[in-house]
Amino acid sequence: MNYIKHLTGFFDKVAQDRTLNPTHISLYIALFQFWNCNRFKNPISISRDEVMRISKISSKATYHKCLKNLHSLGYINYEPSFNPFKGSHVFLFNFSDELKPLPKTIKSTSSYNEPIIEPVNEQVANKHFTSSETSTEQAVAPYINNINTTNILNNSNLETQAQNFEMKEDAFLKKKDKEEKEKKLREKKKENLENTNAAEEELIGDVNPTLLEVKNYFLSQSFPEIEAQKFFNYFSSIGWLVGGKSQMVNWKAAAQNWILNANKFNSNETKQDRVHHLNTSTDKDYSEPL
């Protein structure tokens, strides 16, 4: 048996049969493979699991339904065994004999100008219509306007995609430029802040006096050196802040306030010393006359 002619006849038969679907064809090809391994001898013993694996059918109901359809349509002869230990038998028919060669072109010799008569082997696509009847179905043929329309649509789609890509690219570049500008602005603000802090530190270093400068100023104001030491120690301990909050701007003005208020501090200390003098540690006899 010529299996090429057999498959050609099978597909020719399938093309005319509107009841089959791809699952039927897949199942038949799997059965044909078993038949081929059996050297095209009938019947063949099949295993349901093996046939389902080859035909890529996952449902048992679909498998049995397609198998019965192929049997009823005359593609195979199915004999189920109903025995799990014995495989079912399947007979496959040879479709290579159904192929008939097309007749050669017959050329009329009656007249040279007469048209050539070519007999056509019509295949009925629908059993409800004959060659003498008019079918409602129209043959699908390529039309040049359809092709041109398709090309135009494809070109327009390509242009639209290119425009969308350009718009996305422009938006991406604008976003990237904006991010770079914001980054540079943040770096510039950070640099300005660092410069400002450094300038303030330098200014504070210039404003804060040394102990020698404070002593010289107090001596120039005819004020004792011990007060200069007190002034320097006090403001150094609080970081040269005025009121504990603001940075001192002019230490000489603060020294002037210190000198003015020193007399008050000294008078308070004198009063306290007088109060302490009233206290005596020795026992006094209050009966003695003053």
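**View 1. Serine 222, an exposed residue with positive phi.** At 67% relative accessibility, serine 222 of this predicted model counts as exposed, a term for over 50% relative accessible area, with buried meaning under 20% and partly exposed in between (1.4 Å probe, protein chains only). Phi of serine 222 is near 55°, a positive value in a residue other than glycine, and serine 222 sits in the loop between helix 6 (211-220) and helix 7 (225-237), where helices are DSSP runs (H or I, at least four residues) and strands likewise (E, at least two), numbered from the N terminus.

**View 2. Tryptophan 240, a buried residue with positive phi.** Although tryptophan 240 is not a glycine, its phi is positive, about 55°; this residue lies in the loop between helix 7 and strand 4 (241-242) and, at 7% relative accessibility, counts as buried.

**View 3. Methionine 1, ahead of helix 1.** Methionine 1 lies in the segment before helix 1 (3-16) and is partly exposed, with a relative accessible area of 44%.

**Notes.** Residues are numbered from 1 along each chain as its sequence is written. Because the model is predicted, local features need pLDDT of at least 70 and side-chain atom pairs count only at pLDDT 80 or more, while totals for chains, interfaces and linings use all residues, and side-chain values use heavy atoms, with hydrogens and water left out.
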